[in-house]
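Here are my notes on this model, jotted down as numbered points. Have the structure open while you read.

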Amino acid sequence: MKDDERGTRRLYGRAVGKPLSKRQRGLVDTLLPKLAIPEGALDPASLFHGKREVWLEIGFGGGEQLAGQAARHPEAGFLGAEAFLEGVAKLLTQIEEGKLSNIRIRRGDARELIDQLPLASLDRIFVLFPDPWPKARHRKRRLVQPDFVTELARVMKPGARLRFATDWADYANRALADILRDGRFDWTAQRAHEWRKPPADHITTRYQEKRLGDCTPVFLDFVRR
Ligand SMILES: C[S@@+](CC[C@H](N)C(=O)[O-])C[C@H]1O[C@@H](n2cnc3c(N)ncnc32)[C@H](O)[C@@H]1O
């Protein structure tokens with residue numbers, strides 16, 4: 001059986017792209033080790049002394065929304081997971097330029113980071129424009145699947161918020177169905193215009209700007225019961 005059919009946890013997509021600039025390489029070598037989230041069982045609040053909340057962005061890409069939210073919300077600590085080294089390097093540049101002290105990073109598979117977290121330890125999660133895998137035979141590669149939703153529900157506190165965004169209609173429909181089927185999430189939208197319009201606190205991402213999808217971006221906000 002192929003990996004696709006089993007839906008095993010392989011990390012698809014690029015981990016390394018074009019060579020880093022000298023500055024980016026320097027940040028990866030010096031700043032990343034200081035900000036890297038340690039391996040092993042982890043209470044994320046222990047990484048952020050004096051912060052009221054812990055937020056997580058999964059697959060932060062170039063890090064523009066993560067850095068932007070961290071600058072807006074100094075009262076929260078931010079975990080970011082991204083497999084692609086160039087994205088991590090871009091986030092490090094923004095951390096340095098913005099003098100942001102409330103971000104910790106995992107370069108690698110976000111699902112492994114989530115495995116490390118205890119029950120009810122996060123206040124907010126963002127999954128924004130994840131790799132769409134539009135071909136039916138690649139659908140199992142998508143991040144948002146029933147097992148993944150189960151894990152998100154486990155690590156979210158009661159009342160914690162989840163935002164999922166995509167510009168692929170099939171992914172939006174299936175993710176919505178998977179998240180609601182879990183039974184522990186309430187969808188906050190009352191009317192269509194609420195999920196067709198970027199929420200007031202959304203920061204436009206690089207991938208969103210590329211407009212590669214087959215529908216206008218859909219933003220699905222949920223609250224963990
Ligand atoms: C289509 S891009 C979107 C990036 C960003 N959220 C944006 O909107 O610009 C998806 C990103 O998720 C990352 N990714 C995919 N699977 C991942 C995983 N399991 N853990 C961490 N990052 C992952 C990819 O490396 C890629 O950068």
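1. Let's start with P217, which counts as buried because its relative accessibility is 19%; buried means under 20% relative accessible area, exposed is over 50%, and partly exposed lies in between (1.4 Å probe, protein chains only). P217 sits in the loop between α9 (206–210) and β7 (218–224). Helices here are DSSP runs of H or I with at least four residues, strands are runs of E with at least two, and both are numbered from the N terminus.

2. A quick word on what you're looking at: this is a predicted model, where local features need pLDDT of at least 70 and side-chain atom pairs count only at pLDDT 80 or more, while totals for chains, interfaces and linings use all residues. Residues are numbered from 1 along each chain as its sequence is written, and side-chain values use heavy atoms, with hydrogens and water left out.

3. What does P217 touch, not counting residues up to four places away in sequence? The list is F129, T166, D167, W195, R196 and Q208, with contact meaning heavy atoms within 4.5 Å. As for R141, 76 residues apart from P217 along the chain, the two C-alpha atoms are separated by 20 Å.

4. T166 belongs to strand β5 (residues 156–166) and is buried, with a relative accessible area of 1%. Leaving aside neighbours within four places in sequence, T166 is in contact with F129, Y171, A172, T216, P217 and V218. The T166 side chain also reaches the backbone nitrogen of W168 at 3.2 Å. That is a polar contact: a pair of N or O atoms within 3.5 Å, where within protein one must be able to donate a hydrogen and the other to accept it, and residues adjacent in sequence count only if both atoms are side-chain atoms.

5. Now the ligand. Of the 20 residues around it, G59, E82, A110, L128 and T205 come nearest; "around" means having a heavy atom within 4 Å.
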